[in-house]
Amino acid sequence: MALHSMVRKARFFVARDGKIKSDPEDILNEPLRSGDVQLYQSDNHFQNWVDCIRSRELPVADIEIGHRSATVCHIANICGRLKRRLEWDPEAEVFVNDSGANEMLDREERKGYEYKA
């Protein structure tokens, strides 16, 4: 069977109270296969963070994950404001050949909250 025939499109909606819904609904009933990725489950991110300080492991909500997740949202907002498609360079963390979009990546800091590199 070809790989593309096994791929199934779905959308998932996860609430903080632990409830999950999907479209299509039946996809949540499908068993996991041996190669499927399972995410670590944490009901206490703070405790996970403390445990990881002791163990030197990465926490379930690692700063890199948070940074990349927030970046996607910022990119989407900039695309929406400019009403056009943009090309993102994830290594340099800039838009490719679009100085107008790149100007939107930062803003002037409020007095007293300036960041000095």
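Buried means under 20% relative accessible area, exposed over 50%, and partly exposed in between (1.4 Å probe, protein chains only). At 39% relative accessibility, E64 therefore counts as partly exposed.

## Basis of the model

This is a predicted model, in which local features need pLDDT of at least 70 and side-chain atom pairs count only at pLDDT 80 or more, while totals for chains, interfaces and linings use all residues. Residues are numbered from 1 along each chain as its sequence is written, and side-chain values use heavy atoms, without hydrogens and water.

## Helix α3

Helix α3 has 20 residues, 63–82; helices are DSSP runs of H or I with at least four residues, strands are runs of E with at least two, and both are numbered from the N terminus. Its buried residues are T71, I75 and I78. They lie on the same side of α3, because they cover an arc of only 70° around the axis, taken from the directions from the helix axis to the C-beta atoms. The face turned away from this buried side carries the exposed residues V72 and R81.

## Salt bridges

A salt bridge is a side-chain nitrogen of Lys or Arg within 4 Å of a carboxyl oxygen of Asp or Glu. The whole structure holds five of them.

Within α3, R68 and E64 stand four residues apart, about one turn of the helix, and their closest N and O atoms are 2.9 Å apart. R84 pairs with D98, also with closest N and O atoms 2.9 Å apart. R84 lies in the loop between α3 and β3 and D98 in the loop between β4 and α4, so this pair ties together parts 14 residues apart in sequence.

Notes:
The expected span of a helix is 1.5 Å times one less than its number of residues.
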